[in-house]
Amino acid sequence: MNGVVKTHQPVIVVHGGAWKIPDHMITDSEQGAKLAALEGYKVLKSGGSCIDAVVKAVSSLEDNPAFDAGRGSVLNEAGGVEMHALVMRGDTCDVGGVLCIQHARNPVQVARIILDESPHCLLAGEAGLKMARKHNLSEENIDYFVTDHVKEELKNFDKYTQAVDGLFNTNTGHDTVGAVALDCHGNLACATSTGGITAQQVGRVSDSPIVGSGGYADNESVAVSTTGHGESIMKVNLAKTIACYVEAGLAPKEATAKALKKMNSRVGGSGGAISVDTRGRVGVHFTTERMTWAKIGGSDVNGVVGKFVEFGCDATNVKKESV
């Protein structure tokens, strides 16, 4: 980093999914989000890139069985695991994504390889796994991903038809994870990863790897990662909608809330999103009962940045600890 001018205070925001998180899962979920934010912030604090930071944070969430991404991914109708991930950089708007991948321990790392090396934006299934194997990324058998919790979910799940009103406003099925970051050079990035929805049809593609839906990053507007009912998110192109509102003059906080309100009124979908712009302004909003989130840096009423990690799973009980 010699000779490179650091012009911005770094910011990282993560989420662990928007849904009705059961009381017995709150502590593990909040602690997991806090740890992921700390892991990503270490990268930023040392002068690393926002891309490295969001991949580091989301990898931490993927390794945590409390979340529906990587280990802990929910099961499809056949009892299998199909995962999806996206990484996007705001300086060039380049994107890498992977669909319906199996065995890769960290799908977000596969997406990062695709971002860096592939002429294509998205690779599916075996094509993504081939890229992962080329770079010796870690693989696991299905037993690694399948926890007792997701087995029980599939056993008790009746039908996917109630997903919009049921899945994300009951305590059935945990959801997508993601991160957004601003680095010290003024660049933005986002990453999103998911195991999908319990009992989904084999081959269903989540919103998470779709640019403009599951995530979006552009230095001229904002970085966003979304969570919630994927079909609704895709219908309104939620991440890009938030970016458009920022481009029109709204702060990320207001833009994120407005876009989620529009999704609910227009297509009846619930969800959440996190966002950050190049000014370090942060948005965290959700229309489900709860969403786990954590942030370091960004706007602070006392003008202190990067000194605390804030985290929680609702809009009122915000916890703060020294970094």
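Reader: In what order do the four strands of the open sheet come?

Author: This is a predicted model. The order is β7-β8-β9-β10, and the pairing is antiparallel.

Reader: Which are the edge strands?

Author: Look for strands that pair on one side only. Here they are β7 (215-217) and β10 (282-286).

Reader: How many bridges join β7 to β8?

Author: Three bridges join β7 to β8, residues 223-228. The two strands run antiparallel.

Reader: What is the average twist from one strand to the next?

Author: The twist averages 5°.

Reader: Which helix packs on the sheet?

Author: Helix α10, residues 252-267, packs there. α10 touches β9 (271-276) and β10. The direction of α10 makes about 25° with that of β10.

Reader: Now the helices. How are two packed helices described?

Author: Use the angle between their axes and the distance between the axes. Now take α2 (residues 50-62) and α3 (residues 107-117). Their axes come within 8 Å and cross at roughly 155°. An angle over 145 degrees counts as roughly antiparallel. Therefore α2 and α3 are roughly antiparallel to each other.

Reader: Which residues make the contact between α2 and α3?

Author: From α2 come Ile51, Asp52, Val55, Val58, Ser59 and Glu62. From α3 come Pro107, Val108, Gln109, Arg112 and Leu115.

Reader: How do the residues of that contact divide into nonpolar, polar and charged?

Author: Six are nonpolar, two are polar and three are charged.

Key
Residues are numbered from 1 along each chain as its sequence is written. This is a predicted model: local features need pLDDT of at least 70, side-chain atom pairs count only at pLDDT 80 or more; totals for chains, interfaces and linings use all residues. Side-chain values use heavy atoms; hydrogens and water are left out. Axes are lines fitted to C-alpha atoms, for helices over the stretch in contact, and angles run from 0 to 180 degrees between N-to-C directions. Angles under 35 degrees count as roughly parallel, over 145 as roughly antiparallel, 65 to 115 as roughly perpendicular and the rest as oblique. Contact means heavy atoms within 4.5 Å. Ala, Val, Leu, Ile, Met, Phe, Trp, Tyr, Cys and Pro count as nonpolar, Asp, Glu, Lys and Arg as charged, and the others, Gly among them, as polar. Two strands pair if DSSP finds at least two bridges between them.
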